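This briefing is intended for a reader who has the sequence and the model at hand. Please consult both while reading.

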Amino acid sequence: MNNVMNIHESVLDAPQRIYTHLKKTPLEFSDQLSDITNARVFLKLEFEQITHSFKARGAFNKIIKLVESGQEARLKKTGLIITSTGNAGIAYVSWVTI
């Protein structure tokens, strides 16, 4: 149960860690989807992020947590291996350009 609480706290703390590194993306109301679902539907326009996807949030959060835990020197020495060829890989690569 303690591990679940740590994960929960980590998720809740993530926005505080990453907000200065990412663009604030807009929410846009969708008339068409709202009509289809009979609910108010908003679209989060994460394609406006520097990586053009939401993956930057997770990638940046992970790297910041590694640095905050004292592993910055190791990261600089050994680097970081990413096994994604898609949006997650692009997000991690984008971090080094900021």
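The points below move from the overall architecture to individual residues and pairs.

The structure is a predicted model, in which local features require pLDDT of at least 70 and side-chain atom pairs count only at pLDDT 80 or more, whereas totals for chains, interfaces and linings use all residues. Residues are numbered from 1 along each chain as its sequence is written, and side-chain values use heavy atoms, with hydrogens and water left out.

**Overall architecture**

- The chain contains 4 helices and 2 strands; these are DSSP runs, numbered from the N terminus, with helices being H or I of at least four residues and strands being E of at least two.
- Along the sequence the elements follow the order α-β-α-β-α-α.
- Of the 98 residues, 28% count as buried; buried means under 20% relative accessible area, exposed over 50%, and partly exposed in between, with a 1.4 Å probe and protein chains only.
- The chain has an accessible surface of about 7,400 Å², and carbon and sulfur atoms supply 58% of that area; such areas come from the Shrake-Rupley method with a 1.4 Å probe, and for residues only the protein chains shown count as cover.
- Among the contacts in the chain with a separation of 6 or more, 51% join residues 24 or more positions apart; contact means heavy atoms within 4.5 Å.

**The aromatic pair and the nonpolar patch**

- The structure holds 1 aromatic pair; rings of Phe, Tyr and Trp (its six-membered ring) pair if their centres lie within 6.5 Å, and planes under 30 degrees apart count as stacked, over 60 as edge-to-face and the rest as tilted.
- The ring centres of Phe-29 and Phe-42 are 5.2 Å apart and their planes stand at 65 degrees, so the pair is edge-to-face.
- This pair links distant parts of the chain, with Phe-29 in strand β1 (residues 27-29) and Phe-42 in strand β2 (residues 42-44), 13 residues apart.
- Phe-29 is partly exposed at 34% relative accessibility, and Phe-42 is partly exposed with a relative accessible area of 41%.
- Leu-27, Phe-29 and Phe-42 make a nonpolar surface patch of about 290 Å²; patches are made of residues with over 30% relative accessible area and no salt bridge, like charges being joined within 9 Å and nonpolar side chains (Val, Leu, Ile, Met, Phe, Trp, Tyr) within 5 Å.

**Buried serines**

- Ser-30 lies in the loop between β1 and α2 and counts as buried at 10% relative accessibility.
- Neighbours within four places in sequence aside, Ser-30 is in contact with Val-41 and Leu-43.
- Ser-34 belongs to helix α2 (residues 31-37) and is buried, at 7% relative accessibility.
- The Ser-34 side chain reaches the backbone oxygen of Ala-39 at 3.2 Å.
- Not counting residues up to four places away in sequence, Ser-34 touches Phe-29, Ala-39, Arg-40 and Val-41.

**The surroundings of Arg-17**

- Arg-17 is located in helix α1 (residues 2-18) and is buried, with a relative accessible area of 14%.
- Its side chain makes a polar contact with the side chain of Asn-61 at 2.6 Å; a polar contact is a pair of N or O atoms within 3.5 Å where, within protein, one must be able to donate a hydrogen and the other to accept it, and residues adjacent in sequence count only if both atoms are side-chain atoms.
- Arg-17 touches Ser-10, Asn-61, Ile-64, Lys-65 and Glu-68, with residues up to four places away in sequence not counted.
- Between Arg-17 and Lys-65 there are 8.2 Å from C-alpha to C-alpha, while the two are 48 residues apart in sequence.

**The salt bridge**

- A search of the whole structure finds 1 salt bridge, defined as a side-chain nitrogen of Lys or Arg within 4 Å of a carboxyl oxygen of Asp or Glu.
- The side chains of Lys-23 and Glu-48 form this salt bridge, at 3.9 Å from N to O.
- Lys-23 lies in the loop between α1 and β1 and Glu-48 in the loop between β2 and α3 (55-78), so the pair ties together parts that are 25 residues apart in sequence.
- Lys-23 is partly exposed at 41% relative accessibility, and Glu-48 is partly exposed with a relative accessible area of 31%.

**A positive phi angle**

- Asn-38 is found in the loop between α2 and β2 and is exposed, at 73% relative accessibility.
- The phi of Asn-38 is near 55 degrees, a positive value in a residue other than glycine.
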